[in-house]
Amino acid sequence: MMDSDDEKEAFEVTDYDLANEFNINRPQGRQTKAQAIYGMWAQDSDDENERTGFGGGSRKGGGFDPLGDMGFISRGFKGDKKEDDGEGDEKDPEPSTSKASKTQAQRRHAKLMKTDKDFAKWQKHTSGFGEKLLIQMGYIPGKGVGKFNQGIVRPVEATKHKGKGAIGHGRPLRQTIVSDDEIDDEEIARKLGEPAPVKGTSKWKKNDVKGQKTYVYKTVDEVKRTGVSKKQPKSLPNQHLTKVKVIDMTGPEQRVLSGYSEISKGHDKPVETFETLEAGKKVFEMPELMHNLDILVEMAEQRIIKHDRQLHHEDDTIVNLQHENQKTSSILEQEQAVIDRLSTVIEVIESLAERSNPGHPNPVTLSDFEDSFQRLREDMAQEWKAFQLVDITVALVFPLIRTELRDWKPISETKTHLDLFQTWKDILDCVDCQMIIQDHPAITAYERLVWEEWMPVVRRGVTGWNVHDCDPLIEFLENWLPLTPRWILDNILDQLVFPKLQRAVESWNPLTDVVPIHSWLHPWLPLLGEQLAPLYIPIRQKFGSALRDWHPSDSSAKTILLPWKPVFSKGTMEAFVIRHIVPKLAMCLQQFVVNPYQQHLEPFEWVMAWEDFMPRPTLVKIFESNFLPKWLQVLCSWLNNNPNYQEVVAWYSGWKKLFPEYLHAEPGIKSFFNQALDVMKRAVSGSGPVQVPRPPPPPGPPPAAPPLPSQPASKWSNEPVMVKSSATGIPTTFKDLVEKKAAESGILFAPTQRRQAGATVYNFGHLLMYIDRGVSYVQQGTDWTPTSIYTMIDMALKGS
C-alpha cells in the first residue's frame, strides 16, 4: 500500500501551484529525490524519468535534460595550452621562489595549497554526503574549489576562541598565541644587537636528527636584557572569564558548557584504529600540557620584564621626586625670603604711619621719611615696584611738605626749600615711581608733589607780582629750573606770566611811561622766546603813534628803538623805519640850508645817525632827492661869484668826506660828485658862467592797479606809496579791516584785474590775496591757503 501511494499523483491545488500559476517554466510533475538534493545539477535516472501520464503511456528519456549539454572544468586554469589527461593530479608544481624570500603570509598560503593525503578520511565512518554533493557540483578531490580550482586545498585550521563574542565574530576578544615558527628570531636579535640564533636551536623546532629536540633556556637577566617577548593573549588562562552558557555541538553529542574557557578543556575523541597515525608519531602526546607550559613560561617572562620595567620606573620616579624636592625647597626658600622682605616693608610702613598720627610722643619728620624711603627704594626695589609703595608718599609725605610750604614767599625767598625738593627729586623722580592717574598720562611721584604742593604756593606769589619788576620772578624761575618739570614750567609761563605781560603791554604808553618797555619785557626772552611774538605788533603800533610828532633832532626815538633791533626781524624793522622815520628825515634834509660861509651840519648828522636802521637804497634815495641837487646848485652859484677856488676845493672835499665810503660807490651819489667836479673844472678854465645842471627827474611810481572809482589815484611823493583807506572810523566789513591793518603797517593794498573763485584779487604788498566769506586766502605757489591778517602782515613785511 505504501508503494502504491507513492506512485499516485495528487490532484489537489497547493500553494506552490498558486505561486507558479503563470510560470511557463515551472517543473511539471513531482521533484525527484536527486532534484530535491542537488537542485539544477541533479541527473535524472531511468526510473525517475518514467512517469505515467494521463494517456496511459510512459515517457522514458523523452524529457528535456537541462544538464545534458553542460560540462564542468575539473582542474587547471583558463587559457592553459596543455590539456588535462588525468595524470599528475596529486603533484602540483611549486613556485621557484625560495623559502627564505617568502613572507609568513606567503608560506602559510602555500601550506594551504598543498594536497593533504589524509584530507576527509573521517568520511569513511559516514555516508559521504558532503563529498558526493561537491562531486556533483564539479569538485575534483585533491584540487581547490572554484571554476578554475583556484581555492585552497587544505581547509582553514580551527582555532580556539574565548571571550564574550560569539563564534565567527570579526574582532576576537583575545590575541591568538603565535607559535615559535612565526617569530622571526633573526629580526629580534638584529634589533637587540645580538648574534642571530643558529637554525634548529629553537625549542619548538626539530633538529636535523629525527625525533631529537634541543631546548634553549633563558636566565632572568637575559629576559630583562632583551625585553622582547612573544605575542601574548590579551586575556591569560588564569584570568577569570565571565560565566556564559555555551552549547557545544561540534562533537557527536551536544554539550552544555559554563563558559568559552570550557571549550578548550574537551579532549579529542580517541582514535579507534592506529591506521591514521603517521609513521614515527608517538601514540600518546600531551599538546595541551605543552601549550599550558608554554603559556606559563611566557607569563613568567612577562612578569620578569614587567617587574624590571616597574623597577626602572620606580627608580626614575625617585630621581624625579628628588629633583622636585630640591626645586620645591628652592621655591620655599625664595618665598620665605620674599615673606621676610615684605615683613620688613610692612614693619617700616606701620612704624611711619603710627608716628604720623597726631599726639604721638615721637612724631615723624621729613628726615625720617627720607631715610626710610631711600632704604626701601634701594634695598627693596622689587617690592617697591610690584606693590606701588610710592603711593604711600601721597598719604604720609605730602601733608608734611604742605606744612613746610605754608608760610613760604617764593618771589622774595627764591632759594628757600631747594635742598628739600632736591632730596625728594632724587627719591621720587624715577621710572619705578610712576603713578597712574585716571584720564591723565602717567607722571612720577615727584611731578605730582610739585604740582599739588609747590604749584599752588607759586601761583599765589605770581598773582601779586609787579610786571615792571621782573627780576625777582625771573631769578626764582632760574633757581628752580633744574627742579621744575618742563610741563609745569610751561604752565607757569603760559598761564601766569604771559597774560600779565599781555595786559601790561596793552596798558603801556610810550609817551607817558617812565620805564622803557624793553627793560621789563626783554628779560623774558630767554624763557619765553617766540611766545612773545604776539606782543610785538601792538608795540610797533604804539611806537608808530608816538613818532607821529617826532623830530629827528630828538635822539630818544633811536634810543627806544635800538633795543628792539635784534628782537624784530630785519624786514619788519626796515618797514617800520621807512614808514615812520624816513619821511621825517627827508623833510629835515629839505629844510636843511647849505651855506658855504657858515655851515651847520646838525641836520646832516641827524640823518646819518639812522643809517644802521635804513636799507642802503632808501638812504641813497633820501640824499639824491632832498640834499644833493640843492648842494650842487649852491656850488654853481658860488663859482659864478669869483670865489677862492682853494676854499671851494676844501668845501667840496669836506662834504665828500662826510659821506661813508659805501655811499661813494652808489651810482646816484657818485654822479652828483662827478658833476660837481665838471662844474669846478669849467669855472677854473674860464669858459663862461657856470649853469646849474638840470637834475634828473625823480623815478616814477611803481605800476599799480587802476584805483577804485571811490579812491583818487595816488600821486608821487617822497613818502611810500600806499592806498589810504576811504573808510574813517570803525571798519564795517572784513575788507575794510584788512585795508585798515595794511595802512597801519605801511603795506600796499590795491585791487588787480584778476579774479579767483568769483572774488577780486588784491595786492597785499608783494602778496596776492582775495577775500571769500570773511576769510582771506593768500597765494602760495599754485595753492590758495587761508591765512590770518597778522600772518599776512608778517609775510608782507618779511618779503619787503
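Here is a walk through this predicted model, one selection at a time.

**Before you click**

Residue numbers start from 1 along each chain as its sequence is written, and side-chain values use heavy atoms, with hydrogens and water left out. As the model is a predicted one, local features need pLDDT of at least 70 and side-chain atom pairs count only at pLDDT 80 or more, while totals for chains, interfaces and linings use all residues.

**The whole chain**

Start with a cartoon view. You'll find 30 helices and eleven strands; these are DSSP runs numbered from the N terminus, with helices being H or I of at least four residues and strands being E of at least two. Of the 800 residues, 29% are buried. Buried means under 20% relative accessible area, exposed means over 50%, and partly exposed is what lies in between, with a 1.4 Å probe and protein chains only.

Switch to a surface. The chain exposes about 53600 Å², and carbon and sulfur atoms supply 54% of that; areas come from the Shrake-Rupley method with a 1.4 Å probe, and for residues only the protein chains shown count as cover. Now for contacts, meaning heavy atoms within 4.5 Å: among those between residues at least 6 apart in sequence, 61% join residues at least 24 apart.

Asparagine 149 sits in the loop between α6 (129-136) and α7 (185-192). Its relative accessible area is 11%, so asparagine 149 counts as buried.

Glutamate 370 belongs to helix α10 (residues 366-379). This glutamate is buried but has no salt bridge, and arginine 375, the nearest side chain of opposite charge, is 12 Å away. For charges, Lys and Arg count as positive and Asp and Glu as negative, with His and the chain ends not counted; the place of a charge is NZ of Lys, CZ of Arg, CG of Asp or CD of Glu. Show the surroundings too: beyond its neighbours within four places in sequence, glutamate 370 contacts Leu420, Thr423, Trp424 and Ile427.

**Salt bridges**

Side chains of opposite charge can pair when their charged atoms come close. The cut-off for a salt bridge is a side-chain nitrogen of Lys or Arg within 4 Å of a carboxyl oxygen of Asp or Glu. The whole structure has seven.

- Glutamate 452 and arginine 448 pair at 2.8 Å, N to O. Both are in helix α14 (residues 445-463), four residues apart, about one turn. Glutamate 452 is partly exposed at 34% relative accessibility.
- Arginine 486 bridges to aspartate 490, with the closest N and O atoms 3.2 Å apart. Helix α16 (residues 486-507) holds both, again four residues apart. Aspartate 490 is partly exposed at 24%.
- Glutamate 739 and lysine 735 form a salt bridge with closest N and O atoms 3.8 Å apart. The two are four residues apart in helix α29 (residues 734-745), so about one helical turn separates them. Glutamate 739 is buried at 3% relative accessible area, whereas lysine 735 is partly exposed at 24%.

Which residues gather in a patch of negative charge on the surface? They are Asp469, Asp471, Glu475 and Glu478. Patches take residues with over 30% relative accessible area and no salt bridge, joining like charges within 9 Å and nonpolar side chains (Val, Leu, Ile, Met, Phe, Trp, Tyr) within 5 Å. Zoom in on glutamate 475, which is in helix α15 (residues 471-480). With 39% relative accessibility, glutamate 475 is partly exposed.
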